[in-house]
Each structure stands twice: as C-alpha cells, then as structure tokens.
Amino acid sequence: MVNSARFDVVVIGMGPGGEVAASRLLAAGRRVAVVERELIGGECGYWACIPSKTLLRPVEARSGARGAAGLGSPGLDWAGLRGYRDQMIRHLDDTRQVDEYRENGATVLRGAARLVGRDPWRVEVAGQRLTAEHVVIATGSAAVRPPIEGLDEVEVWTNREATTLTEIPERAVLVGGGAVGVELAYFLAGMGTRVVLAQRGDRLLTREEPRVGELVAERLRRDGVDVRTGTQVRRAARAGGGTVVEFDDGTREETDVVILGAGRRPRTDGLGLADVGVEAGERGLAVDERCRVADGLWAAGDVTGVALFTHVAKYQGRLVADGILGRERRADYTGVPRVVFAEPEIAAVGLTAAQAAAAGIETVAAEVDLPTSLARPWTYETEPRGTLGLLADRDRRTLVGAWAVAPLSGEWIHTAALAIRAGLPVDSLDDGIAQFPTYSEGYALAAERLEF
Ligand SMILES: Cc1cc2nc3c(=O)[nH]c(=O)nc-3n(C[C@H](O)[C@H](O)[C@H](O)COP(=O)(O)OP(=O)(O)OC[C@H]3O[C@@H](n4cnc5c(N)ncnc54)[C@H](O)[C@@H]3O)c2cc1C
Ligand SMILES: NC(=O)c1ccc[n+]([C@@H]2O[C@H](COP(=O)([O-])OP(=O)(O)OC[C@H]3O[C@@H](n4cnc5c(N)ncnc54)[C@H](O)[C@@H]3O)[C@@H](O)[C@H]2O)c1
C-alpha cells in the first residue's frame, strides 16, 4: 500500500452522475480524484442510452419514411448501423476521456474503489489509499437477473449484450415490459427478429397510466411483437442449437436468446459501506434533499434509486457539486420527463391519476385523439397517430401529469414538464397559441376538455 494521497473530493464511478459532479468540482478548482473500474462515461455511454438510441433511430426513420406520403421504404444496412453504433460507443475505449480529465486537473484512477475509513473519509483503489474531505458515490446500477430455472445454461443477454449486439437474432424472448423491454422489442422487431415480450405485470410500462400501457401493447402487436402480459418465464433449457423457454401458464417457446429487461439493482456491493457504518437498502443509498448520505458522503444517479434516468443522475451530480461547494440547494424532482424511445415515442411527466389520489390530490383528466382534431398528424404521415392525456389538480387548476404516445412526443412533452415544474395554471395552456400545424396544438385542446 502506497502512502495516502489527499484530495478535496474522491468521485467513485464516472457515469453521468459522477462526470457532472467531477467536472463542476474541477471547474471550481477543487482537488479531485476520479475512480472508474470500467469506462468513463458509465453504463449510459456504452451499454444503455447512447447505443440504444443510436440503434433505434434508423428503425424509427424508416417507419417515418413509410408513413410519409410518396416516400416508400428505404433499405436498412445493418453493417452501416452497427459501425455507427460502435463509433458512438467509442469502440469501448475511454482513452480520450481519461486524458481530458487529466488535462483538467483530475487524478484518474482505474479500479474498483472501496471505503475503508471515515473522519476523514478513506478510499482504497488498486493498492492506493486516498483521503478526502468528501466522497461521492455514483456507481450506478446493474441488470437484475430474475430467478428463472436454467438461466445459467442458455444464451442470456442483459442490456450490455443487447446494445452491443453484432448479429440480429432470428428469435428473442424478452423478460420484462418496462422501458428496456419495450425499446428492445421495438428495435428487434424492426430488424426482423421474432419477438416474444413477457411481462409479469398486467400491463406494459407499469409506472405509467394504464392507458399508456394499452396503447403501447397495441402498437407493438401491430408491429408483430407477441406481447404477453401477466406472464413470467418459469424455466429455460437448451434444446438443439437454441433454447426452449417455458412460461408460467405452461406454454413453451423456442428462442435463440433470452434478453433481460427485468429492472435494475444498485451497485453498492464491494464498496465497503457496512465497514464504515453506512447502510444500503435494496433500492440503493438513501440520500437527503442535498443528495447527502452522511457528513461528507454524497451520492448521485441510479445508486440512489430515486429515478433511474441519465437526466436525473446529471441533476443530482449538479446538486452534489453545489453542496460540496457550499451552495445551498435542495432537490426537487417535480416534472421530470420519462421518455421511451419507441415509435411513436412514449412520453410522460408528473403524476399518474393513482399517484395523485395517493397524495390526496383530487384530479380531473382529459384525453385527446390528436388526428381527430389536429392537422399535424395528417401532414406528418398517411396513417396518422397520436394520443395526449392531461391530469390537473381540481382545486389548484394546475397541471400535475401528462402523457403522450405520439410522434416526436419526447420533444414536445417538455411543454408539460415546464408547466408542471413551474406550477403554471392550466388556463395558460388553454390560452396558449401553439404554432400551426404542430402536435403541440394538442395541449390547448386537451386543456379545454378538462372539466373542473
Ligand atoms: C438499455 C438502457 C437504456 C437506457 N436509456 C436511457 C435513456 O435513453 N435516457 C435516460 O435518461 N436513461 C436511460 N437509461 C438509464 C441510464 O442508463 C441510467 O440512469 C444512467 O446510466 C445512470 O447514471 P449513473 O451515473 O448513476 O450510473 P452509470 O451510468 O451506471 O455509471 C456508473 C459507473 O460507476 C462505475 N463503478 C461502479 N462501481 C464502482 C466502483 N466500486 N469503483 C469504481 N467505479 C465503479 C461503473 O463502472 C460505471 O462506469 C437506460 C438504461 C438502460 C439499461
Ligand atoms: N428511455 C429511457 O429513459 C430508458 C430506457 C431504458 C431504461 N431506462 C431506465 O432503466 C430502468 C430499468 O429499466 P427496466 O425496463 O429494466 O426496468 P423496469 O423496472 O422499468 O421494468 C421491468 C419490468 O419487468 C417486469 N419483470 C420483472 N421480473 C420479471 C419476470 N421474471 N418476468 C416478467 N417480467 C418481469 C417488472 O414487472 C417490470 O414491469 C428504468 O427504470 C428506466 O428508468 C430508461
């Protein structure tokens, strides 16, 4: 063990949460050590958001071309797409990122960090001991491996293998109908894979309004996905060159691969938390409003279990940096958008009716079928689609929730996100003058239908 090096801050884990915290602290002139055991950029940059959205885009664009009058169906070149995906994930090489952090004054350490003492905080990594006034834990999350009999004997992909795939499988059974399952089902079906999507819950995307799950299942089925809700995979076994999967209703399906999208678990193991008197729950490290775990110990991103999104990890990274820099700031998660990048996009923000009821808020809701009333769906595509739902607080007449299953909704949901975050009166949506012809015109229509 070499002598202990002293830092103002040690950041453990350099995904989006760790990167934002480290960059802001470096910019403020703090002595920062960053520790990463795999690649700077984290899950998001190499095996999650970036590759998945890169892979989805051509499938979406082709569907858009098919829907646009007179365009027809462009070809999709898998080798070209795969090459661009590899470029986007930097060929799993973070040399440039390491160099940039070093140029910006950081000490970059490779390896798994472990807390070995407190007052002051002490961290061990790759045979080195670091001492710091503050430690930031931003170690993210990993795919849950559900207890399916025989899973170890068959071809299984998590998000990692799925987003770095080199060949398109002929058949796939997806386990889980959350964001990972829905995006992968849409991508693979678009690439010609025969997809079975098994969801334990009674609908897809269970955190959203039930209506969203219905519309998404309808859409995926139209695209050829065999969506099975209320279903779990019971066991999997090798059969010939492939796999046979058995569902809990006794039915069986042959597949080339089982793909897991069954949720995430926080990466807290191996961090030595218990040794320094810090407890981690099943959902991760509990943080206060400033993202503090204990005095001088902070956490950001998926490891906090607050909301598993890159934009939330980045927001928490900002809060942590501000907290360490002595700037008083408290977390407010009102109006965080949630977008699933299928086609059309599935976007939501704020509360569902059930969540509002649980919070004691009396609500009114409205739903608008956009092609019935707007021009944009028709100028956009020959088989126009789109549904928008709004949820408002009856007493305060403010928007508390919104969702849309419609083209480009991942962009225009931000109008609702802003309205919810700022607590704008619904009347200001009703009174809004949106550009003609856009999907955004739907807000005034839906707001008008809210019966207070
Ligand atoms: C398939 C998929 C698609 C997704 N798409 C989106 C999307 O489109 N938009 C969105 O907002 N979110 C998306 N997400 C969620 C998003 O990836 C996460 O919310 C985000 O990566 C969280 O960032 P983070 O910084 O908390 O952790 P991570 O990105 O997981 O990074 C944590 C880092 O910590 C490192 N680490 C862990 N333990 C240690 C240790 N002991 N010592 C040193 N280093 C350590 C890891 O190697 C990793 O690099 C997606 C997730 C998946 C699975
Ligand atoms: N576009 C995006 O922003 C994006 C994309 C992908 C993932 N993510 C984030 O990553 C997180 C993880 O996504 P996820 O889809 O893995 O998890 P999730 O928790 O959103 O959904 C997992 C689903 O799998 C089901 N499930 C669990 N075990 C099962 C089993 N044995 N059989 C059948 N179904 C089972 C659960 O009922 C649940 O509905 C999400 O919370 C999301 O925040 C975001």
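Predicted model: local features only at pLDDT ≥ 70, side-chain atom pairs only at ≥ 80, totals over all residues.
Good morning. The axes of helix H3, residues 49-67, and helix H7, residues 179-190, come within 9 Å of each other and cross at roughly 45 degrees. H3 is therefore oblique to H7, a class left over once angles under 35 degrees are called roughly parallel, over 145 roughly antiparallel and 65 to 115 roughly perpendicular. The crossing of H3 past H7 is left-handed, that is, the near helix is turned anticlockwise from the far one by less than a right angle.

Residues are numbered from 1 along each chain as its sequence is written, with chains lettered from A and ligands numbered from 1 in the order in which they are written.

Which residues of H3 and H7 meet? Ser 52, Leu 55, Leu 56 and Val 59 of H3 are in contact with Glu 183, Tyr 186, Phe 187 and Gly 190 of H7, contact being C-beta atoms, placed from the backbone, within 7 Å. These residues comprise 5 nonpolar, 2 polar and 1 charged, with Gly counted as polar.

I turn now to the whole chain. There are 15 helices and 23 strands, taken as DSSP runs of at least four residues for helices and at least two for strands. The C-alpha trace spans about 70 × 60 × 40 Å along its principal axes. Of the contacts with a separation of 6 or more, 66% join residues 24 or more positions apart. Thank you.

Methods:
Axes fitted to C-alpha atoms, helices over the stretch in contact; angles between N-to-C directions. Contact = placed C-beta atoms within 7 Å.
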